[in-house]
Amino acid sequence: RDSLLIVTPANRRIDAWRVTLLPPPTSSPATLAAPANLTFTKGQLSWSAVEGATAYRVTPVLVKPAAGYVDTELYPHATIQTRDPTPKLDLSKQLLIGGTYVFEVAAIDREGRVSAGARTVETVNGPH
């Protein structure tokens, strides 16, 4: 009832993800700090750990597709929620090589409250 399977050939490969639909989170930017020091290198997104965070939400946003991908539409990816408090995420197999992205990251605490989001500068996803 609360999940679905998404299948897409968006990056010239067939990928599938199971998505769970949850109620909107309670926002509490005053009590939970936003992630900082976001960097994206060789498909690895990392940031500084946030005290009290038990997970993170990451949203990759395609700003400009790679050359030759004229049919690619510019939409944010589905939000990815980490399963642990480790401040990094491997996106090397999910993103379009040569595409320009920004990443939005928010911290989540034990009660499900979500911090304000932090955003990276635009970066090109190069070959790994």
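The conversation below takes up the labels given to this structure and the values behind them.

Guide: This is a predicted model, in which local features need pLDDT of at least 70 and side-chain atom pairs count only at pLDDT 80 or more, while totals for chains, interfaces and linings use all residues. Residues are numbered from 1 along each chain as its sequence is written, and side-chain values use heavy atoms, with hydrogens and water left out.

Visitor: How many helices and strands are there in the protein?

Guide: The protein has zero helices and 12 strands, where helices (H or I, at least four residues) and strands (E, at least two) are DSSP runs numbered from the N terminus. Read along the sequence, the pattern is β-β-β-β-β-β-β-β-β-β-β-β.

Visitor: What makes E6 and E9 a pair of strands?

Guide: Two strands pair if DSSP finds at least two bridges between them, and E6 and E9 are joined in the antiparallel sense over 10 bridges, so the pairing follows from that definition. Within it, Val58 stands opposite Val105 in E9. Strand E7 (residues 80–81) is joined to E6 by two bridges, and these strands also run antiparallel; there, Arg57 stands opposite Gln81 in E7.

Visitor: Why is the pair of Phe40 and Phe103 called tilted?

Guide: A search of the whole structure finds three aromatic pairs, and this is one of them: the ring centres of Phe40 and Phe103 are 4.6 Å apart and the planes stand at 35°, so the pair is tilted. The definition asks for rings of Phe, Tyr and Trp (its six-membered ring) with centres within 6.5 Å, and it counts planes under 30 degrees apart as stacked, over 60 as edge-to-face and the rest as tilted. Because Phe40 lies in strand E4 (residues 39–41) and Phe103 in strand E9 (residues 100–109), the pair ties together parts that are 63 residues apart in sequence.

Visitor: What makes the pair of Tyr101 and Phe103 stacked?

Guide: The centres of the Tyr101 and Phe103 rings are 6.0 Å apart and their planes are at 15°, so this pair is stacked. Phe40, Tyr101 and Phe103 form one aromatic cluster.

Visitor: How do you know that Tyr101 is buried?

Guide: Buried means under 20% relative accessible area, with exposed over 50% and partly exposed in between (1.4 Å probe, protein chains only). Tyr101 has a relative accessible area of 1%, so Tyr101 is buried, and Phe103, with 0%, is buried as well. Buried residues make up 34% of the 128 residues in the protein.

Visitor: What does Tyr101 touch?

Guide: Not counting residues up to four places away in sequence, Tyr101 touches residues including Pro60, Leu62, His77, Leu95 and Val121, where contact means heavy atoms within 4.5 Å. A polar atom of the Tyr101 side chain also lies 2.9 Å from the backbone nitrogen of Leu96.

Visitor: Why does Thr120 count as buried?

Guide: Thr120 has 11% relative accessibility, so Thr120 counts as buried, although this residue lies in the loop between strand E11 (118–119) and strand E12 (123–124). Its side chain reaches the backbone nitrogen of Phe103 at 2.9 Å. Leaving aside neighbours within four places in sequence, Thr120 is in contact with Leu38, Leu45, Val102 and Phe103.

Visitor: What joins the side chains of Thr59 and Thr79?

Guide: A polar contact of 2.9 Å joins them, the term being used for a pair of N or O atoms within 3.5 Å; within protein, one must be able to donate a hydrogen and the other to accept it, and residues adjacent in sequence count only if both atoms are side-chain atoms. Thr59 is found in strand E6 and, with a relative accessible area of 12%, is buried.

Visitor: Which residues touch the most other members of the largest nonpolar core?

Guide: They are Leu45, Trp47, Tyr56, Leu91, Phe103 and Val105, in a core of 21 residues. Such a core is a set of buried Ala, Val, Leu, Ile, Met, Phe, Trp, Tyr and Cys residues joined through side-chain atoms within 4.5 Å. Strand E6 (53–64) and E9 each supply at least two residues of this core. Among the residues that Val105 touches, not counting those up to four places away in sequence, are Leu45, Trp47, Tyr56 and Val58.
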